[in-house]
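Hi,

Here is the structure I promised to pass on.

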Amino acid sequence: MKTIIKWGAIAAFAVIAPLSAEAHRAWILPAGTVFSAENPWVTVDLAISNDIFFFEHRPMPVERVRVTAPDGSEVKPENVSTGRLRSVMDLQLTRQGTYRIASVMGGAFARWTENGEPKRWRGPVEALSREVPAGARDLVVTHAVNRVETYVTAGKPTIDNLRPTGEGLELEPITHPNDLYAEETATFRLLIDGAPAANVEVEVIRDGIRYRDSLDEIKIRTGADGRFSVTWPEAGRYWLSAEYQDDKPRLPQAHERRASYVVTLEVLPQ
């Protein structure tokens, strides 16, 4: 079978690949999420691995990572480097409030038949019409968006720059993501392209799976309005993920859409 692959800048991170328990997990991990000092620094690790928050596979590309300050402006990370197993960056939180650190990657995947042979292509949406023949037989196009993010707060948590963008699968905070405490319940809403993502399974995994025999994952399904709640069993860092797929893409050329969402959260002791 002949396969055509032209990923360009997103070759390092397959936007079509699911982020399920069987696949490698992507994550952005800040050294901490809540700071009371004035103008604090925070170091952030970015990686893709089997065990969450453990460096053993490869680094996450940093080219598409964007840091948004509480006022909506973009913050340029410092001391950015990429090693064999992880990427690292430093941020100084010079404004009071909550910062969003996010990597959003989107693209298209096409499969069709040509001269009796199956063919495939994946790449940026803007290249779709150029790379896939017009009138291709048995053509199926998937539009995919993957979002990996986390939040850090200096002083009092704020929410203005955490509002959904309307692209892909997103978390709408009802409980602030930097206001989480052990044995308390937090509520969020999942949105797909800005609309409630109903009946989506959300998986929550606590840090430290390398040191225990089971994942001890928490699985919840969103309601009709996209809402779901999590009661945190103990303090620590958590990896929350969800995936979505349907046949209602907003991209005119596509037949289906896929989206995944990952966020790193820190739960503090009471």
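The accessible surface of the protein chain comes to about 12,700 Å² (Shrake-Rupley method, 1.4 Å probe; for residues, only the protein chains shown count as cover). Carbon and sulfur atoms hold 46% of that surface.

Before you go on, keep in mind that this is a predicted model: local features need pLDDT of at least 70, side-chain atom pairs count only at pLDDT 80 or more, and totals for chains, interfaces and linings use all residues. Residues are numbered from 1 along each chain as its sequence is written, and side-chain values use heavy atoms, with hydrogens and water left out.

Now the overall picture. The protein chain has 1 helix and 19 strands (DSSP runs numbered from the N terminus: H or I of at least four residues for helices, E of at least two for strands). The C-alpha trace spans about 65 × 40 × 40 Å along its principal axes. Of the 270 residues, 49% count as buried (buried is under 20% relative accessible area, exposed over 50%, partly exposed in between, with a 1.4 Å probe and protein chains only). Take the contacts (heavy atoms within 4.5 Å) between residues at least 6 apart in sequence: 68% of them join residues at least 24 apart.

Next, the inside. A nonpolar core here is a set of buried Ala, Val, Leu, Ile, Met, Phe, Trp, Tyr and Cys residues joined through side-chain atoms within 4.5 Å. In soluble globular proteins, nonpolar side chains tend to be buried together. The largest core has 30 residues, and V44, L46, L91, L93 and I101 touch the most other members. Elements giving two or more residues to this core include β1 (25–30), β3 (41–49) and β9 (97–114). The largest share, 5 residues, comes from β3. Leaving out residues up to four places away in sequence, V44 touches I28, L29, P30, S87, V88, M89, L91 and I101. Another core lies apart from the largest one; it has 27 residues, including L171, A182, A197 and V263.

N199 is not a glycine, yet it has a positive phi of about 55 degrees. You'll find N199 in the loop between β14 (195–196) and β15 (201–206), and it counts as exposed because its relative accessibility is 52%. D216 also has a positive phi of about 55 degrees without being a glycine. D216 lies in the loop between β15 and β16 (218–221), and at 41% relative accessibility it counts as partly exposed.

Cheers
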